[in-house]
Every structure is written in C-alpha cells, then in structure tokens.
Amino acid sequence: GVTQLDYLDLYKKFTYKAQESYRLDHIANVELGQKKLDHSEFDTFKDFYTGNWQKFVEYNIKDVELVDRLEDKMKLIELALTMAYDAKVNFTDVFYQVRMWDAIIYNYLKKKNIVIPPKVGAKKDEKYAGAYVKEPIPGSYDWVVSFDLNSLYPHLIMQYNISPETLMDEPHPRCSVDKILSGSFIADGRYATAANGAMYRKDKRGFLPELMDKIYQERTIYKKRMLTASQKIENLSDGEWHLKSDLEKEVSRCNNIQMARKIQLNSAYGAIGNQYFRYYKLANAEAITLSGQVSIRWIENRMNKYLNKVLKTEGKDYVIASDTDSIYLNMGPLVESVYTGREKTTESIVTFLNKVCEMELEKYIDGCYQTLADYVNAYDQKMQMKRENIAERGIWTAKKRYILNVWDSEGVRYDEPKLKMM
C-alpha cells in the first residue's frame, strides 16, 4: 500500500531541461549551489564504510538533506500529488500519459452521463509527421525577440474541434500543408479542415476541445498570479526584503498548479498519438502535428513580409529560427534604423522593442491567424502568439542549439540579464 516516487524520475520527467549529468552531486550543485560530502580520500565505498563510520553516516544524512532541499525549492513531489488528485489516478500514474488521460476523460464524461466506449486494440503501422523546425543560419545576432504560441497542440484541438466523435469519415480530397500555405486549397464550407485533410463537425463541440479549454483557463489564472509575484520580487526595495520569502512561496505554489495544468495539456497530444489510448485515431494525431506546421510556417512567412516592408528590404529572412511553436526574430536592423544618431541604452532599446511588440507585432499576428482560421473554416480562432523574450544578443549553432542574453521575459524585466541556453 506504499507508493514510491523516485526523485530522479520526477526530476527527469518534469523539469524540461537536459543536464550533462543526473548524479545528485551535479543536480544539487546546479539547483542549490551545494555539493555532496566529499569522500575522495577513500578508494572504494567499502573502504569509506569501514574506514570512517562517523563520516559515512554524515555523508548519508547530507544526501537526504540535499533531496529534501531540492523538494523545498522545486516541489516536484507536490506537483505529482497535485496531478494525481486532479486526474483521480494513483501517484505513479502521473508518469503515464495514457493512464492519466483515460481517467481524466472518464471522470469528465461521467459527470455528463456519457458512457465511454470499450477499448479497441489498434495497430500503429504508419508513422505520422512531427513538428516543423527551421534550419537556422548559424551566427551571432543583436537584439533577438522571440514569440511563442500559447499551448499550441491543445489550442489546435480547440481550433479545429478535433475529437473522436466530431471526425468525419471522409477526408478532404485536396488538402496539404503546402496547399494551405500557397493559398491553392479550397475548404469545404460545412466542416473545419485540418492540414492533413481530416474534417471535423462544427454543429457541436467535441468533448476533447471542451476539456482542453477548461484546463487551459485554469492554467492561465495561476500563470498570471505567478508572473505578478515574480515581478514583485524583481521590484522589491531594500526595505521590503522581508517580503521575499512569502512572495517566493506564492510563486512556487502558483507555478506548481499551472505546471500541473500545462503537463496535462501537453500530455494530451502524447496520449492521442498512442495506439494504446482508448480514443486513438491516426487522423486526429496527424491533424494536430500538420496543422501545427501550418500555424508556425504561416506566421514565419507573414512576419518576413511585414519586416521587409517596414525596413524597405526585399526577400531578406528576418526569422532566425522557428521551432514547433516559437519564432525568433532578428530585430537588430530595426533597432539600428531607429537609433541612428541617437544615444542607445539597453533599457531604452528593451522598452522600445517591448512597445513595438505590444502595439504593432502582436496585433498584426492576431490578424494573420484570424485570416488562417477563416481560410480553413476553423471552429474557432485559438492561435494566440505572445512575445516571450527580448534578448540583447543571440547565438545559434544549429537547430535547437542556441543561447540568448535575456533582459525581459514575458513582461518580467530583469536588473541583470539572464542566460537562456538550449
């Protein structure tokens, strides 16, 4: 009756960042700035055990304290418990997308007095397309601004009304990613059409989009609270440092809840594409990934057109990189054109770029995505792209390999820049 959650498994599963080593010594150093007790004077663990019993005991106590401090900071056990209680599953089931989502959907439909279908064995013979990642031109770039699509896959499910009971039997005969991007595709006016040609009913909302919307709204509330508390910490004056501890606890609490919702949302796609999932259909999984490709490539093309027009250039590629749900814009040329002959300060440039993103780019992006939603006859326009980072400099070496010197992240302005490395 006792459940064991291994902290190493929790750390690997829910931190979303790769480490060069997962030894406790390294992780404690990265996260806490602390190390294990050094016992290098002994050649083997047995020598350590027999040669200095007292130090051996202290070594083990220190290990337990390090894991305890990691939990104080990261709250990964708390996160696992939040997810388990929320989905009504066993604690260990939080590691498995299919088990978790089977329970979430069962409980959601039970409240509506809807009986779930029996499980049918499905074979996954065909592979389906993944996300789009642009090949970047390696090099250093001044003033990089990144934009991020909020929870892309859950929002695609909402936008196209992707659900097992809304999928039509016959796909659209002439639909592909390239045809949508080139404008040569003609939608069926009755149904929402995804990029793989899968068509979905619009007369009723599917249970999957409905559930996604509910979880996403909950996540948004707690993420806003977390960002507000983070900004308050950045703005604390010397006389207010006694408030820091409470604010950090609030950041941790809200981050925990919003992360639980984020993991639920993102793991839904993993379940949908798994042949052992009760609601698995290849057409639905492919509809999500290919429509995601359309969304990111659509905005990449539009942003290049817009910036070429503003900067009076022709055919120049201002999108350094794009990856699944985000684009990275080279705003150096814009900064140079505006600040010619004017005094440049980091603070003034960050404020200027923030204003440009808020007043111009985000509105333009919203308009572009509304055009796309109308074109494919979507159930609803759900693509929301917001500015994420403003970085003084960015260096790319290859796909998914870059470093940014960030001054502002999602509206939280830093006194000292922070490095973002992938």
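Rings of Phe, Tyr and Trp (for Trp, the six-membered ring) count as a pair if their centres lie within 6.5 Å, with planes under 30 degrees apart called stacked, over 60 edge-to-face and the rest tilted. By that rule, this chain has 23 aromatic pairs. We're looking at a predicted model, where local features need pLDDT of at least 70 and side-chain atom pairs count only at pLDDT 80 or more, while totals for chains, interfaces and linings use all residues. Residues are numbered from 1 along each chain as its sequence is written, and side-chain values use heavy atoms, with hydrogens and water left out.

**View 1. An aromatic pair between helices α3 and α4.** The rings of Phe48 and Tyr59 have their centres 5.4 Å apart and their planes at 80°, so this one is edge-to-face. Phe48 belongs to helix α3 (residues 45-51) and Tyr59 to helix α4 (residues 53-74), eleven residues apart. Helices here are DSSP runs of H or I with at least four residues, strands are runs of E with at least two, and both are numbered from the N terminus. Phe48 and Tyr59 are both buried, where buried means under 20% relative accessible area, exposed means over 50%, and partly exposed is in between (1.4 Å probe, protein chains only). The two rings also belong to one aromatic cluster made of Phe42, Phe45, Phe48, Tyr49, Trp53, Phe56 and Tyr59.

**View 2. Phe185 meets Tyr375.** What are the centre distance and plane angle for the rings of Phe185 and Tyr375? The centres are 5.7 Å apart and the planes are at 80°, so the pair is edge-to-face. It links distant parts of the chain: Phe185 is in the loop between α8 (177-182) and β2 (192-193), and Tyr375 is in helix α13 (residues 346-375), 190 residues apart. Phe185 is buried, with a relative accessible area of 2%, whereas Tyr375 is partly exposed at 22%.

**View 3. Charges over tyrosine faces.** Arg99 lies over the face of Tyr96, 4.2 Å from the ring centre. Lys316 does likewise with Tyr318, at 5.3 Å from the ring centre. To count, NZ of Lys or CZ of Arg has to be within 6 Å of the ring centre and within 35 degrees of the ring normal.

**View 4. The six-stranded sheet.** This open sheet runs β4-β5-β1-β6-β7-β8, with antiparallel pairing. The edges are β4 (319-323) and β8 (412-421), each with a single partner strand, so one side of each is left without a neighbour in the sheet. From one strand to the next, the twist averages 25°. Two strands pair if DSSP finds at least two bridges between them. Helix α11 (residues 282-310) lies across β1 (139-149), β4, β5 (326-330) and β6 (385-398), at about 15° to β5. Contact means heavy atoms within 4.5 Å; axes are lines fitted to C-alpha atoms, for helices over the stretch in contact, and angles run from 0 to 180 degrees between N-to-C directions.

View 5. Seven of the nine residues of β7 are buried, so the strand is largely enclosed by the rest of the structure. Seven bridges join β6 to β7, running antiparallel, and Ala398 has Arg401 in β7 as its bridge partner. There are two residues between the strands of this β6 and β7 hairpin, where Lys400 takes a positive phi near 60°. On the β8 side, six bridges join β7 (residues 401-409) to β8, again antiparallel, and Ile403 stands opposite Met421 in β8. The hairpin of β7 and β8 has two residues between the strands too, and there Glu410 takes a positive phi near 50°.

**View 6. Thr220, with the whole chain for context.** Thr220 sits in helix α9 (residues 207-234) and is partly exposed, with a relative accessible area of 24%. Its C-alpha atom is separated by 25 Å from that of Trp298, 78 residues apart along the chain. Zooming out, the chain has 13 helices and eight strands, and its C-alpha trace spans about 80 × 70 × 45 Å along its principal axes. Buried residues make up 47% of the 422 residues. The chain averages a pLDDT (the predictor's confidence in each residue, from 0 to 100) of 91, and 99% of the residues score at least 70. Confidence is lowest in helix α10 (residues 244-272), at a mean of 87, and highest in strand β3 (residues 199-200), at 96.
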